[in-house]
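Please take a moment to look over the sequence and the model before reading on. The paragraphs that follow lead you through parts of the fold, step by step.

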Amino acid sequence: MSTATMAAPDIDSILASHPDARRDALIPILQEVQDRMGYLSRDAVVKIGEHLKLPASKIYGVATFYNQFRFKPLGKYHIQVCRGTACHVKGSLSVLDAVKQALNLAPGDTSRDGLFSLEVVACLGACGLAPVITVNGEFFAGLSPAKVEKIIRDVRKEAGVK
Amino acid sequence: MLNIEINGKPFEAKEGETILEAVRRAGFEVPTLCYIKDLAPTGACRMCVVEVEGMPGLVPSCSYPAANGMKIHTHSARAVRARKTVIELLLADHPNDCLYCSRNNQCELQSLAADLGVRDERYAGAKSSYKQDLSSPSILRDSNKCILCGKCVRVCEEVQGVAAIDFIGRGSRAHIGTAFDEGLNVSSCINCGQCILVCPTGALTERTYIKEVVAALNDPEMIVVASHAPAVSVSLGEEFGLPVGTDVDGVMVAALRQLGFEYVFDTSFTADLTIMEEGSELVQRVSTGGVLPMLTSCSPGWIKFIEEFYPDLLPNVSTCKSPQQMMGAIIKSFFAERMKIDPKKIFSVSIMPCTAKKFEAARPEMMHHDVPDIDAVLTTRELALLFRMRGMDLQAVTPETADTPFGERTTAGKIFGASGGVMEAAIRSAFFLITGKELGDLNVEAVRGLEGRKEARVQIDGLDVGVAVVSGLTNAAKLLDEIRAGRSDLHFIEVMTCPGGCIAGGGQPLSTNKDKIRERMKALYRIDSNEAKRTSHSNEWVQRLYKEYLGQPLGEKSHHLLHTHYAEREVLL
């Protein structure tokens, strides 16, 4: 709840920059809100609804139709796992499973301590390095489940967590 | 006029008519799953496809306009095969546990599968597995049984203006849910149950309380009391094959006694009582410059709606509890005292055409020292099931009359079941309360009928009273917007959540067919025209209740037992 209240002025200013927006502006506004706030909070969804005169259920429905929107704040370390064609061929499914297991997280979720968040993306544009993941934008290439475990261990160490 | 041909028969279609409308007018039947009469078609389910000569593919008849010269085949081999495939694909992701489903034998998916001769599981694959949403006291959602026709979504948004639910996710993960996929209980759902009436499968049903009621009936310590709402007796018969609009009042009372209810009361009695309180409140508001227009408070879906969407207009809502809750309050006070029964030993069951009444009965405002005034609410459908469970044949039961003191009603209380009924009853009694004379013609035709909004001006002793009657909450919202914008010629507004009133309530026998609803409505007005006592103030037992217990309308005791206040409700809108 506290993040929502802290974020409130921000969502208001984003919406203020779309004074005459109508329902057809929903997706660009959702994208902008996510860009600036990291995710779509309840507060943001409700306020976007008020602004565009759309029910919250409808906004949630639209936002869940697309993979790009998330409803939980990003973790301190945001991990993207590529599931594009080249990575798939090179075994990204087992990479994803390894990440999920190491973090005990489902795609779209954020760990309770706020340290990690996990996202599955269609292609990171680094097909020659497949399979790849990124941690806060830094690429890790040619991965295997064992390498994934080491990366996560290193990140935890860096964060000072056992 | 458009000259078309349907199954080889020439037919004149109207300009702008869809193929489906023309086909049905011509006396042919095309099955549908997602079609809702009077709402814009979505063409989602593809059951209504027909073959039109010269067109490359099959045509969804619900959304395709008829055109001059069309030659339509409703049951060509191709059309029938396509429909069968649609059903087979739907069944591939369906639990197929019909024997255990509350919709068994009343399921559109099931009957279409039967009619199309589906005899084996042609497509098999992984099935969806969702948790049931048991969070609401009124409505149970089981997404596993959902076929994504979207009717509930459309009714919730387009008829009720609530939009508590929508499609969530995409592809094989698509399902119906609330904002943030949470329980209905924390959503803006108003519990009206119109979604249940349109659901073709068992995905939406009422939360049933039959078990609790049967347990109370079997408990020798408990005095179990039933009270039935005005709209129940004119619709229950449909569940037993009687013609639509048959009044089974006496038979139902007798059958309830056979089930083991010690006392059977009529909620129309407290409808009369409501009129005494609400009529007095209106007279008081008009004469003392109170907040106007006054809005009725009988319909619990509507109450939750205004708490969520129009909290600024809550001061306009009558402080009267609904007839159900007035009944509960006087059963657990006056009745308990008279009969020298501990209120905790009384189990009061309300038989309602409504699912929102289940929510209302559980509201904290409706408890006294943690004892609910109404212990359980059964819908018309649940009562029918209870009768069937006990092997009772309504046609073989001799009618009986309800019990005193809350069994006597006037027809003014009875017509509460139809949109406009509360208004008509209120006008009859308000006229008497103000002038001391009876209204010359008791029939107030202007407020009757199935239209979403009815308005009238009534002359009472030189006072020009503006009244409006709305049902279906999008109609209510439009009127409330006018009031917010400053409209001030209205004194009294009746709002019913369901289109047409309680006769079309979410707990009624499954149907949204307007002709059926009209027959139920006619039945109520037939009762009204056939009986002598047609005004709430002429109900002798209501008068006795005031004399012996309550004092006077709006008096201290009434205030304590029969009135309440509602407050703004925070939900995700």
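Which order do the four strands of the open sheet in chain B have? The order is S11-S10-S13-S16, with parallel pairing, where strands (E, at least two residues) and helices (H or I, at least four residues) are DSSP runs numbered from the N terminus, and two strands pair if DSSP finds at least two bridges between them. Because strand S11 (263-266) and strand S16 (376-379) of chain B each have a single partner strand, they stand at the edges, and one side of each is left without a neighbour in the sheet. From one strand to the next, the twist averages 25°.

This is a predicted model, in which local features need pLDDT of at least 70 and side-chain atom pairs count only at pLDDT 80 or more, while totals for chains, interfaces and linings use all residues. Residues are numbered from 1 along each chain as its sequence is written, and chains are lettered from A and ligands numbered from 1 in the order in which they are written.

Within the sheet, strand S10 (residues 223-228) of chain B runs parallel to S11(B) and is joined to it by four bridges; the partner of B:Val225 in S11(B) is B:Tyr263.

Elsewhere in chain B, helix H9 (residues 300-309) is mostly covered, with nine of its 10 residues buried, a residue being buried if 20 or more other C-beta atoms, placed from the backbone, lie within 10 Å of its own. Among these buried residues are B:Trp302 and B:Phe305, and what covers them all includes helix H11 (356-361), helix H15 (473-484) and strand S19 (492-496) of chain B.

Conventions:
A residue is buried if 20 or more other C-beta atoms lie within 10 Å of its own, exposed if 12 or fewer, and partly exposed in between; C-beta atoms are placed from the backbone. Two residues are in contact if their C-beta atoms, placed from the backbone, lie within 7 Å. Axes are lines fitted to C-alpha atoms, for helices over the stretch in contact, and angles run from 0 to 180 degrees between N-to-C directions.
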